[in-house]
Each structure stands twice: as structure tokens, then as C-alpha cells.
Amino acid sequence: MPELIHRDPLRADFWDERFERQFMPWDRGGVPQDLRDFVNAASTPCSTLIPGCGHAYEAAFFLAAGWPVTAIDFSAAAVATARALLGTDGHCVQQADFFTYQSASPLQLIYERAFFCALPPSLRSAIVARWAALLAPGALLAGYFFITEHGSLKGPPFAIACTDWQALMAADFVLLEDKAVADSITVFAGQERWQVWQRRN
């Protein structure tokens, strides 16, 4: 592990430093299987937002499948890394703050991967509220969630207890799919769920 100066995950320089030093233990290095299955099973493409996109491997996958996608990150280093990885498709990656981001067109899907658990627990309610504000009734939130029996205040990543997670989501979302993840990376192994939630009417 390299020596790291910045310790506050609410600051962009925390994430800039980790991308610049190539210290990203949360990075899977590709597209996980449950997402592949989800996209392959969909009847039509969905207009998709990826908050905290990092390298944006999944953005490349969505685009290859013909899905309109916008990937955002508030770290300039992350955005530069993602754009370099995507090449001519790098235009889909924007530097933006999730909490103030406004979509240019209606969103049908928000894809979650290591964004919710990257930010401190004090922001959990705000993240869920922002998901709900960005998604129209009937739209989907799908992805990977770091859920443990008791949760964790040490991180990132910050785990959440199952009961707390369900209570947090209940007002605005209904759970459509929930299963254990078979191909988690080490930091999430045995504590990650693939879930699909639908925005309530």
C-alpha cells in the first residue's frame, strides 16, 4: 500500500490521489457477471446513469450493448482515467457531483457499484433521496450493495446492516431481485448482494 496523504472521502483529492497512485482495491478490473445477465435479459435498452464511475468499465459495456449511458465522477483523475480507457466513447464520462447532477433526459436506470459504500454513513439518506429524485416512478436502481450483519463505520468501503438498508430504501423503492454475488473481489467477498429496486409510484 502506498503512503497516502488525503483521508477524507468527501473530498475529490482523496479519490484523485488513489487514482493517481493506482491504489484502488475496490476496482474489479472488468464487468461483473450479474450486470451482464441483467443487460442480456432486458427487453429494451435503458437510459442509464453510473454515479462514481471510476474506470467506467461498465459504461463501455452498456455502450457496446446499445444502451445510452452517462458516467459521472467528481474526481478529475477518475474522469481522465475513464476517458482514456473508453477512447472515442469517453464523451459519455462527465466530471460532476452526484448530489447536484441533473440528467439531460429521463433516466430509466441508475447502476450502483461501490459508490454508496464509498461515502460515509452520514450521507446515506441523501444518496437514497437523490436516487429517488433522479428516477421517475417505475424506473430501476440496480447493482451491487455492501451489506453485512452489523454494518461498519470504518471505511471506505462502509458496509451497511441489512435491516438499516431495508429501512432506508422502504419509502421510495420496492425490491425486485436480491441474490448473493458469486464473483466479488476480495474486499467485498461474502458481503455483497446483487439487487434490483424499482422506484415507487
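**Talking through a predicted model**

Colleague: Let's start with alanine 82. Which residues does alanine 82 touch, not counting those up to four places away in sequence?

Modeller: Alanine 82 touches Gly54, His55, Ala56 and Val93. Do keep in mind that this is a predicted model.

Colleague: Where is alanine 82 found, and why does alanine 82 count as buried?

Modeller: Alanine 82 is found in helix H4. Buried means under 20% relative accessible area. Alanine 82 has 0% relative accessibility, so alanine 82 counts as buried. The buried residues of H4 are Ala77, Ala78, Val79, Ala82 and Leu86.

Colleague: What follows H4?

Modeller: Glycine 87 follows H4, and its phi is positive, near 60 degrees.

Colleague: Now threonine 148, please. What makes threonine 148 buried?

Modeller: Here the relative accessible area is 13%. The cut-off is under 20%, so threonine 148 is buried. Threonine 148 is found in strand E5. Leaving aside neighbours within four places in sequence, threonine 148 is in contact with Ala159, Ile160, Ala161, Cys162 and Gln191.

Colleague: Which residues make the contact of H2 and H3?

Modeller: From H2 come Leu35, Arg36 and Val39, while H3 brings Glu58, Phe61 and Phe62. These residues divide into four nonpolar, no polar and two charged.

Colleague: What makes a group of residues a nonpolar core?

Modeller: The residues must be buried, belong to the nonpolar kinds such as Leu, Phe or Val, and be joined through side-chain atoms within 4.5 Å. The largest nonpolar core in this model has 27 residues. Those with the most contacts inside it are Leu35, Phe38, Ile50, Phe62, Val93, Leu109 and Trp194. Among the elements that give two or more residues to this core are helix H2, helix H3 and helix H4. A second, separate core has 25 residues, including Leu49, Tyr101, Trp131 and Phe145.

Colleague: And which residues is leucine 109 in contact with, leaving aside neighbours within four places in sequence?

Modeller: Its contacts include Phe38, Phe62, Trp67 and Leu135. Cys46, Ser47, Thr48 and Leu49 are also in contact with leucine 109.

Notes
Residues numbered from 1 in each chain as written. Predicted model: local features only at pLDDT ≥ 70, side-chain atom pairs only at ≥ 80, totals over all residues. Heavy atoms only, no water. Buried < 20%, exposed > 50% of the residue type's maximum accessible area, 1.4 Å probe, protein only. Helix = DSSP H or I, 4+ residues; strand = E, 2+ residues; numbered from the N terminus. Contact = heavy atoms within 4.5 Å. Nonpolar A, V, L, I, M, F, W, Y, C, P; charged D, E, K, R; others polar.
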